[in-house]
Amino acid sequence: MELILVNLIDGLVTGLLLFMLSAGLTLIFSMMGVLNFAHASFYMLGAYFAYQISLALGFWAGLLFAPLIVGVLGAGIERYGLRRVHQYGHVPELIFTFGLALLIEELVQFIWGKNQMPYSVPEVLDFTAFSIAGNSIPAFKIFMIFISISIFIGLLFVLTKTRVGMIIQAALSYPRTVEALGHNVPLIFMGVFGVGTALAGVAGVIAGPVLGTFPGMAFVLGSIVFVTIVIGGLGSLWGALVASLLIGWITTFAKSYNIAMSDILNGLGFATPENMSENPLRDLWTVTSPQIADILPYILMVLILIFRPAGLFGKRET
Amino acid sequence: MTDQITTDPGKPAQRMRAGSLTLTVAPWIIAAIALMIMPLIFQSNSALTIMNQMWITVIFALAYNMLLGQGGMLSFGHAVYMGLGGFFCMHIMNYVEDFGLALPLPLLPLFGGVFGMGFAMIIGSFSTSGAGTRFAMISLGVGELIAACSVIIVAFFGGEEGISGDRTYGLPFFGIEFLKQIEVYYLISFWLILSALLMYLFSRTPVGRMANAVRDNPERAQFLGYSARWVRFYSFCASGFFCGIAGGLFAISYEILTEENLNAASSGVILLVTFLGGVGFFFGPIIGAIVFTLLQTVLSLQTELWAIYVGALFLATVMFFPGGLAGLIMMHVPAYRLGKARGLVVPYIKTLVPAAIGILGICALIEMVFHYRHGATGDVEMTLFWTTFDSHTVLPWVIAGAIALVGIGIARATAPSLKEAWDEANTAGGAS
Amino acid sequence: MSVPALELNGLKKSFGKAEIIRGIDLSIGKAERHAIIGPNGAGKSTLFNLITARFPPTSGTVKLHGEDLAGLEPYQINRKGLSRSFQITNIFPAMSVFENVRCALLWAQGYKYSFWNLVNNSRSLTEGADAILDQINLLERRNLPAGTLSYAEQRALEIGITIAGGADVIMLDEPTAGMSHSETDYITELIMKVTEGKTLLMVEHDMGVVFGLADRISVLVYGEIIATNTPELVRADPKVQEAYLGAALEEEH
């Protein structure tokens, strides 16, 4: 029972972290109709910038400034890169963001090298918040949960309760009409792109100390984020939230409970073959849930795309 | 420009009528001859290895472009089809070795092709119902799944170390046992010509033409009696087939396959190669594969930072030349037809040479920054463009900076006259 | 009486709560030229989309030569000999004009999904496509990308693609929309020429075109057909007058 609680908290942390990325990504998608392949790269940049700033000014300055820099950078890339490619159609746009992801990874290696950065949890938060049956829950995890939830609430508030949010929502569905009403739609797009990437930056700042700040960090998380928003339904913020949490919990539980395929098969009434090394299905027998934890999201996505192409909460087909 | 993304519309028909079949056949004969004499010019073993790699990449890129360029389907997991074909061939190779199956090696890629196609049929049965984001995401998901499976399903993929084999146990083929690299080279070249020809011909068949139609306007194609889904499915299977052939050749050439042949990085590379070469023309991916392999092998010997340059080149291509290198070449056809291409030579030299020098200057600065930041402590000497200097002194920075500034400056100053010459060369009539 | 080429029975379509097509019964004989007219928003294009299975109907049936089309995909309907054009030009802009027409010929000439035939080697394809181009006066534009044609030429190409497959029921959705007078005359003549001996169903705003072309006219108002008759009798029908005048008055307010 206690273990379940610990896993619930761990899964929540992973899920909310994913959500901070997928929220921005899904906003950008509903705006431009294009998946930003480089989204996780902005997350990585957030971590690196925050690390660099924390060396001089400490963690809190990093938390404040790194996302701002990332957001400005993102807006700049939208303005001078993506907008240019937009005229050629969706496929070149997708390819552009893909190339951008490659280039950012190379640039990060160029500037900071290939090793992991010693970016760590600030001392103020480096203590055990409480423990459950001997499993200590670090305060930083609680801090991460707190930050992500406040961002979600803030986002929801801005989108549904403010005038800017109304304009954005309208611009997502009817860009031409909104433009005709005298709003600067390209500016809105740039702004949303900036905010989306800044959110990814925040995620990087708070995830960097826990998951490690290294050049591969974007790649590790990147494709999972797409999977998340595809499962949730492209363009749906709620879908992104549900899918993020779902994936967070599924992977956490699969990793911590060592369920072996042989047990399942035995339970179904199949006998374990005696000579395992000669058996062509030997790999099926030796599979355990931690082994496949990382590919569960992909399996889920493919199934979703086959049986419910619009995703869990999506309205339109992808 | 719309005609950049057209796959040579209607021109062949015109040629046929003009009775100049030679124009369509000639490139193939030239290519075949070039493939035959290449090893006579570049004799070293490493050159042969590079060429083998290049030709395999050409097949793979052409197969990839059957989807991207001709069918408008963007796949992020296409290495899987080549990789699976390769793994399957490797198992057959080992089977031949263990059980003495009488199979001549040159036929092996065919099995890879069939296996690649079989897998494409399974995946295509549900992924080809749409071309856009849905297709791209399924391809990504399937790619990640298979790549992850390669570490789990050890019986087929061999786990971390992959599986390896020995190609020389096959039935000797007219006395050739494929012990030597050069024999493998000719085997690959044969399959290259054959596959490229078949892929070219595929684009001229009814289903190949409809692939273009579905890419441009799936709905209209539906109202012409074709199911967009089935047209995509056929292209997808054909692409899987040729990817599998490339995989089989890879197995023969390298005698080892690992997770690296399946993963997202490999899938990304082939997208890069194809787009760089140009998706709008049949020969685009060929140029892309050759240029990329050269960049990869030659540039990576020169600098650790080659991936940055390739990444930057790729982004620049997407932003400024979405037609890729092939598009760039074909842009000059109108001027050539008007007989005015010669007028472009001098303006080109005036702009592009300083630009190239300027870019080299920027590269020098980048290399120096890298050396300055990451060089071992005390290691202040670096060699760049055959010059050895101390990267911690000011002078080299000034020189490189000046070269970059002057080069780019001149290029910017001469660009307007190039533009003028370009417009002139593309206008019919007038003084030439 | 022989089986009608196209027969609609109790066809209805709702989008959400809005009922756009409210039960249409219509029978069009073989080789008849039939026009549908009606004020804006009457549901003419929706009706077209229902017949060609672009949208599924809420209820009712569509029969082509007596055969029920329910549940068929657009491409299957096309194979049964029904071909349509679109109100918004719907061609393959990146492909050449010739290629556009040739694609429209492929299925009709039995090439299906074959990958063992070469299109360039087929004389019947090339000649067939050129014959169509000749008919629509685009032979000179043969090798240009279709996207570079003028608007009227693209509309002509659209008609060319529609008729190329040799379908015996042709549906044209506002073929002269947005055209100048001379262009309209050109397209009208063209339609006259290419639909010789075929069944034609067209939606059209231009009354000149309609009265010149159609054997019979149906008037569609708010999702219902209020009159179907010969041009002369439709013109004289008080209900039609009322509907048009009413719509005109409504638009003024």
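Reader: Is Glu255(B) buried or exposed, or partly exposed?
Author: In this predicted model, Glu255(B) has 16 other C-beta atoms within 10 Å, so this residue counts as partly exposed. A residue would need 20 or more such atoms to be buried, and 12 or fewer to be exposed.

Reader: Where is the place of Glu255(B)?
Author: Glu255(B) sits in the loop that links helix H11 (228–254) to strand S2 (256–257) of chain B.

Reader: And what is the phi of Glu255(B)?
Author: Phi is near 60 degrees there, a positive value, and Glu255(B) is not a glycine. Most residues other than glycine have a negative phi.

Reader: What about the hairpin of S3(B) and S4(B): which residue takes a positive phi?
Author: That is Phe385(B), with phi near 50 degrees, in a hairpin with two residues between the strands. The strands, S3 (residues 381–384) and S4 (residues 387–390) of chain B, run antiparallel and are joined by four bridges. Within the pair, Met382(B) is opposite Phe389(B) of S4(B).

Reader: Turning to chain C, what is the strand order in its open sheet of six strands?
Author: The order is S6-S7-S8-S3-S9-S10, and the pairing is mixed. Strand S6 (82–84) and strand S10 (224–229) of chain C are the edge strands; each has a single partner strand, so one side of each has no neighbour in the sheet. From one strand to the next, the twist averages 15 degrees.

Reader: How many bridges join S7 to S8 of chain C?
Author: Five bridges join strand S7 (residues 169–173) to strand S8 (residues 199–203) of chain C, and these strands run parallel. Leu172(C), for instance, has Met202(C) in S8(C) as its bridge partner.

Reader: Which strands does helix H1 of chain C lie across?
Author: Helix H1 (residues 44–51) of chain C lies across strand S3 (33–37), S6, S7, S8 and strand S9 (216–221) of that chain. The helix runs at about 145 degrees to S7(C).

Reader: Now the helices. At what angle do H3 and H11 of chain B pack?
Author: Helix H3 (residues 45–71) of chain B and H11(B) pack at about 170 degrees, with axes 9 Å apart. Angles over 145 degrees count as roughly antiparallel, and H3(B) and H11(B) are therefore roughly antiparallel to each other. Among the residues in the contact are Ile56(B), Phe60(B) and Leu67(B) of H3(B), together with Phe236(B), Phe242(B) and Leu249(B) of H11(B). By class, the contact of these helices has 16 nonpolar, six polar and one charged residues.

Reader: And at what angle do H5 and H6 of chain A cross?
Author: The axes of helix H5 (residues 139–161) and helix H6 (residues 163–173) of chain A cross at roughly 75 degrees and come within 5 Å. That makes H5(A) roughly perpendicular to H6(A). Val158(A), Leu159(A), Thr160(A) and Lys161(A) of H5(A) meet Val164(A), Gly165(A), Ile168(A) and Gln169(A) of H6(A). Their classes are four nonpolar, three polar and one charged.

Reader: Which pair of chains has the most contacts?
Author: Of the two pairs that touch, chains B and C have the most contacts. Chains A and C do not touch, and their nearest C-alpha atoms are 13 Å apart.

Reader: How many residues are in contact between chains A and B?
Author: 42 residues of chain A are in contact with 35 of chain B. On the chain A side, H4(A) gives the largest share, 14 residues. That side divides into 29 nonpolar, seven polar and six charged residues.

Reader: Finally, where is confidence lowest in chain A, and where highest?
Author: Confidence is lowest in H12(A), with a mean pLDDT of 72, and highest in helix H2 (residues 39–57) of chain A, at 91. Chain A as a whole averages 84, and 97% of its residues score at least 70.

Key:
Residues are numbered from 1 along each chain as its sequence is written. Chains are lettered from A and ligands numbered from 1 in the order in which they are written. This is a predicted model: local features need pLDDT of at least 70, side-chain atom pairs count only at pLDDT 80 or more; totals for chains, interfaces and linings use all residues. Two strands pair if DSSP finds at least two bridges between them. Axes are lines fitted to C-alpha atoms, for helices over the stretch in contact, and angles run from 0 to 180 degrees between N-to-C directions. Two residues are in contact if their C-beta atoms, placed from the backbone, lie within 7 Å. Ala, Val, Leu, Ile, Met, Phe, Trp, Tyr, Cys and Pro count as nonpolar, Asp, Glu, Lys and Arg as charged, and the others, Gly among them, as polar. Angles under 35 degrees count as roughly parallel, over 145 as roughly antiparallel, 65 to 115 as roughly perpendicular and the rest as oblique. pLDDT is the predictor's confidence in each residue, from 0 to 100.
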